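Colleague: Could you take me slowly through one part of this model, the side chains and what they touch? I would like the cut-off behind each term as it comes up.

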Amino acid sequence: MKTAHDLVLAAKSQCREIPIENAQALVQSADVVIDVREADEYATGHLAGAINIPRGLLEFKLSGTPALEPRDLNVVLYCKTSGRAALAAVAMQGMGYLHVVSIAGGIEAWVQAGMPVVKPVQPLFE
């Protein structure tokens with residue numbers, strides 16, 4: 001019986017992971033950056049310009065959003081540590097997307113490398 005870890009390892013062998021040293025340049029040149037974490041994780045901080053599509057909704061959102069339907073988009077995916085992003089990359093490849101990469105180490109590696117994160121400001125109700 002396979003575990004989640006087994007599935008992630010298999011996905012990582014089937015997708016392109018970019019090292020954190022190259023991530024910022026690819027993020028800046030991407031057509032779309034997708035944070036596949038859950039909404040509450042995204043709200044704690046995310047890459048500038050990233051859209052949030054939780055892993056469990058990815059295929060449905062891609063199919064239902066005309067701007068995300070072109071299969072030749074340059075897509076960068078990330079999650080917390082890169083497991084969900086690798087699974088998402090393989091799913092997108094299966095849907096016919098041609099240029100999908102995942103950030104190795106996810107947002108944790110991004111933050112550790114000192115790269116910028118957008119943290120939404122919560123409104124004050126006084």
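Modeller: Leaving aside neighbours within four places in sequence, Val27 is in contact with Val33, Leu47, Val76, Ile103 and Trp110, where contact means heavy atoms within 4.5 Å. This is a predicted model, in which local features need pLDDT of at least 70 and side-chain atom pairs count only at pLDDT 80 or more, while totals for chains, interfaces and linings use all residues. Residues are numbered from 1 along each chain as its sequence is written, and side-chain values use heavy atoms, with hydrogens and water left out.

Val27 sits in helix H2, residues 20–29; helices (H or I, at least four residues) and strands (E, at least two) are DSSP runs numbered from the N terminus. With a relative accessibility of 12%, Val27 counts as buried, a term that means under 20% relative accessible area, whereas exposed means over 50% and partly exposed lies in between (1.4 Å probe, protein chains only). Ile53 is 26 residues away from Val27 along the chain, and their C-alpha atoms are separated by 16 Å.

Arg55 belongs to the loop between strand E3 (51–52) and helix H4 (58–64). If residues up to four places away in sequence are not counted, Arg55 touches Val36, Arg84, Leu87, Ala88 and Ala91. Between Arg55 and Arg71, 16 residues apart along the chain, the C-alpha separation is 18 Å.

Arg55 also brings in the charged pairs. Side chains of opposite charge can pair when their charged atoms come close. The side chains of Arg55 and Glu59 form a salt bridge at 3.1 Å, N to O, the rule being a side-chain nitrogen of Lys or Arg within 4 Å of a carboxyl oxygen of Asp or Glu. Glu59 is partly exposed, at 25% relative accessibility.

By this rule the count comes to five salt bridges, and one of them joins the side chains of Lys80 and Glu108 at 3.6 Å, N to O. Lys80 lies in the loop between strand E4 (74–78) and helix H5 (83–94) and Glu108 in helix H6 (residues 106–112), so this pair ties together parts that are 28 residues apart in sequence. Lys80 is partly exposed, with a relative accessible area of 40%, and Glu108 is partly exposed at 40% as well.

Another salt bridge links the side chains of Lys12 and Glu17 at 3.3 Å, N to O. Lys12 is partly exposed at 27% relative accessibility, and Glu17 is partly exposed with a relative accessible area of 27%.
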